[in-house]
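These are my notebook entries on a structure I looked up. I begin with the sheets and then turn to a helix, the backbone and the confidence values.

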Amino acid sequence: MVTAGHSAATARRLGIVLSLAIALGCMSAPSTGSPGPVPRTSSSTPWVDSLMATMSPSDKAAQLVWPQVFGDYTPTSTAAWTRIEQLIRQNHVGGFIMSIGSPIETAEKINAMQRLSSLPLVFGADYETGVAFRQRGGYFLPNNIYLGGGTMFPPQMGLGATRDTSLAYQQGRITAVEGRALGVHIAFAPVLDVNNNPANPVIGMRSFGEDPHLVADMGSALIHGLQEHGMVATGKHFPGHGDTDENSHLTITTVHASRARIDTVELVPFRRAVAAGIQGMMTFHGVIPALDTAKVPATLNPAIMTGLLRKQLGFNGLLITDAMDMNGVLARVPLGQASRPTQVVQGSYGTIDNSVGLAEACKLAIAAGADILLMPSDVPAAIGAVVSGVQEGRFSQARVDSSVRRVLEMKQRLSLDRRRFVSLDSVRALVGDTANLAVAAAAAQRAITLAKDSLELVPLVRPGMSQPPRVLSITIATRTDLPAGATFNAELRRAVPALRTELLNPEDPSPNFGRLLSLADSSDIAVISSYLTTGTNVSNPNAPEPIAEFMRTLVQRHPRTVVVAFGNPYLLQQVPAVSSYLVGWGGFPVSQAAAGRAIVGAAPIGGRLPISIPPLLKFGTGQDRPVIPRSAAP
């Protein structure tokens, strides 16, 4: 689908690039080393029934507890591997959430873990932008060499800027093929939150945008791409984490919208996901007064998880909590009942002075309707909480058994009862395949959005110039963000050989702003690219005020300035007077390359904002720019 407003020539070029990339993806699949079977449409129950009849209450509870594991190299003599052996052989957990690691190490580790377990394990991962969101090799210092990995797409909001559901489907397809090749079965994606609050510190670009129907269209396409190629999709975070200005990792979060607004905005993508047959759903650790008067996080609220999701929306799949180590679910809120003892908990995100405790949170989650307790900080305590919850009469054994059966039936649909191991020889043939990378690169290029260009500075290089302009490129990023600016500046340097580059670290206690302003004075154009964005430990997505003030000063002193937002797309709110504002949608190399090519005219620009930037820009804003032929460049 081509957005209204593209020129016919641009549309043809984009269509050719994407069609070629997708065709290559279809043609390049090897004839051996299949990534895994497409899930069976119906469960054969004898295998499940036989297991249910022989499992102890503790083993049943353990099927519902999925801790986190890293895909790193872990020698068998290390404490990390001993922990894994204990989780599998002694605790008998049913699955894991796989975190960061290289593709080969991840696949080998999953095979080794499967060998330890008497029952097949199921693995999920946060594949919001593709397999490389978790499975990539990182960077080797001091040379900053990228060690490779899976395919990385732009963030979901970048896909939203393309308005192209076929790209979302292709992301799902590629993610499923690559993930199953590694032994991962569940993608904790797509994010179905409608990001209608610019101050949201944790969702932001993870959402497809602020329009619920756009989010629903793109999300449904990604779901089909995943599930039609053998991977379970998981919508998150039900019933919606978009309209908050608090981070549920750090604190209790509240959505203050009315019931009517929630019905017509937040719930729209989730309804569409259920209609599309989504097999997994992840919960939101936030209070939503309009849905229930009990001041309980949605994860722990039966009126929301069972009454709304199961009964009203008709969801029959696997209900997975968001991480149970987050402050948003562990911090105590008034429960409207007899007071329970509180405790001080040292959590993954700081000290919680008034906590219900992990065990109580797990009991409340199961009682509310959750099937899976994800990432509890104490696995034996979580398993024990499920067992004791039955003994205390908080919920019945039949309630627990229904969740265990869901887990086992999903494992059987994924054919894990027949084949739980993956071929390491197939990983390099399937993960990060060049055809897959071409599709992701086409998506990143289509996403680039020129939201403002009042002085027509973009492209920086154009016909009629006797020589390339003098360009100063200032990268705003922390020093730990190793790839920030590297690929973008490399693309700029292809067209502007005399490019001057500088790094501005927001954590620097005494940055030399005066020096940077002087460098800008001797340049024809200044380009400021910001990589500051949302995150699990972020409470405010905005740039620190000293950085914002520097940008405003630079824009006033040097009007020929272009701001490129690779991080927070709402950055324009802090620099409203800048003449040119380009959104690159994510700081990974694929998006940096796309933005670098676009800003110098080596690639077309045609994205449209999937958000508004109040009060400055409306939803759908975007300007087109054609490719500048190389023969016309100076």
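I traced an open sheet of seven strands with parallel pairing, in the order E2-E3-E4-E7-E8-E10-E12. Its edge strands, each pairing on one side only, are E2 (68-69) and E12 (318-320). Strands are DSSP runs of at least two residues (E) and helices are runs of at least four (H or I), both numbered from the N terminus; two strands pair if DSSP finds at least two bridges between them. The model is predicted: local features need pLDDT of at least 70 and side-chain atom pairs count only at pLDDT 80 or more, while totals for chains, interfaces and linings use all residues. Residues are numbered from 1 along each chain as its sequence is written, and side-chain values use heavy atoms, with hydrogens and water left out.

Strands E3 (residues 95-98) and E4 (residues 122-125) run parallel and share three bridges, and Gly 95 has Val 122 of E4 as its bridge partner. Helix H9 (residues 259-275) lies across strands E8 (232-238) and E10 (280-283), at about 155° to E8. Such angles run from 0 to 180 degrees between N-to-C directions, with axes fitted as lines to C-alpha atoms, for helices over the stretch in contact.

I found six strands in an open sheet of mixed pairing, ordered E16-E21-E20-E19-E17-E18. E16 and E18 are its edge strands, each pairing on one side only. From one strand to the next, the twist averages 15°. E20 and strand E21 (residues 580-583) run parallel and are joined by four bridges; Val 564 has Leu 582 in E21 as its bridge partner. H19 packs on this sheet and touches E17, E18, E19 and E20, its direction making about 165° with that of E17. Contact means heavy atoms within 4.5 Å.

The buried residues of H19 are Ile 547, Ala 548, Phe 550, Met 551, Leu 554 and Val 555. Seen down the axis, they fall within an arc of 155°, so they line one face of the helix; the arc is that of the directions from the axis to the C-beta atoms. Pro 546 and Gln 556 are exposed on the face turned away from the buried side. Buried means under 20% relative accessible area and exposed over 50%, with partly exposed in between (1.4 Å probe, protein chains only). The cover over the buried residues includes helix H18 (513-521) and strand E19 (525-530).

Most residues other than glycine have a negative phi, and most peptide bonds are trans. I noted a cis bond from Phe 238 to Pro 239, with omega near 0°, and another from Val 458 to Pro 459, with omega near 5°. Phi is positive at Arg 163, near 60°, and at Met 375, near 55°. Arg 163 counts as buried because its relative accessibility is 12%; Met 375, at 14%, also counts as buried.

The chain has a mean pLDDT of 91, and 91% of its residues reach 70 or more; pLDDT is the predictor's confidence in each residue, from 0 to 100. It stays under 50 over residues 1-35 and over residues 334-338. Where pLDDT is low, the predicted coordinates should not be read in detail.
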